[in-house]
Amino acid sequence: MAGVFINYRTGDGAVAAVLLDEELKDVFGPENVFRDRRTTPPGVHFPPELWRHLENCAVLLVLIGPNWLSVRDGSVPAGASVSRGTPCVGSDVTLAAAT
């Protein structure tokens, strides 16, 4: 299970997430760093896999880019507040804070 969970919005922070993932893999090993697009195998139902890794991580890194509140990724409305637990990023942060 990944010790470090990299959390980002698809339309705002994906490049930074990939770069951070590459650096952290070198330091901690790829099995200890979770980034959704690299870690989740094809065909696996995404939300349960995401929550499983999130609940078991030691460190949650939330990447907040310049378009955090305005990006639309299909599931998150523009202007969504993290405190409202909006899927998926807001829910990730809310779940991690509760565990």
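Modeller: pLDDT is the predictor's confidence in each residue, from 0 to 100. This model is predicted, so start there.

Colleague: Over which residues does pLDDT stay under 50?

Modeller: Where pLDDT is low, the predicted coordinates should not be read in detail. Here that stretch is residues 76-87. The model has 27 contacts for them beyond four places in sequence. Across the protein, pLDDT averages 79, and 69% of the residues score at least 70. Strand S2 (residues 33-34) has the highest confidence, at 96. Helix H4 (residues 89-98) has the lowest, at a mean of 62.

Colleague: In what order do the three strands form the sheet, and is the pairing parallel or antiparallel?

Modeller: Strands of a sheet pair through backbone hydrogen bonds, in either sense. In this open sheet the order is S2-S1-S3, with parallel pairing. S2 and strand S3 (59-62) are the edges, each pairing on one side only. Two bridges join S1 and S2. Helix H1 packs on the sheet and touches S1, S2 and S3. Its direction makes about 170° with that of S1.

Colleague: Which residues of helix H3 are buried?

Modeller: In an α-helix, residues three or four places apart point the same way, because there are 3.6 residues a turn. In H3 (residues 46-55), the buried ones are Glu49, Leu50, His53 and Leu54. They lie on the same side of H3, because their arc around the axis is only 130°. H3 itself lies across S1, S2 and S3.

Colleague: Which residues make up the largest nonpolar core?

Modeller: Nonpolar side chains tend to be buried together in soluble globular proteins. Here the core has seven residues: Val4, Ile6, Tyr8, Ala17, Leu24, Val33 and Leu63. Strand S1 (4-7) and helix H1 (14-28) each supply at least two.

Technical notes: Residues numbered from 1 in each chain as written. Predicted model: local features only at pLDDT ≥ 70, side-chain atom pairs only at ≥ 80, totals over all residues. Heavy atoms only, no water. Buried < 20%, exposed > 50% of the residue type's maximum accessible area, 1.4 Å probe, protein only. Helix = DSSP H or I, 4+ residues; strand = E, 2+ residues; numbered from the N terminus. Arc of directions from axis to C-beta. Core = buried A, V, L, I, M, F, W, Y, C linked by side-chain atoms within 4.5 Å. Contact = heavy atoms within 4.5 Å. Pairing = 2+ DSSP bridges. Axes fitted to C-alpha atoms, helices over the stretch in contact; angles between N-to-C directions.
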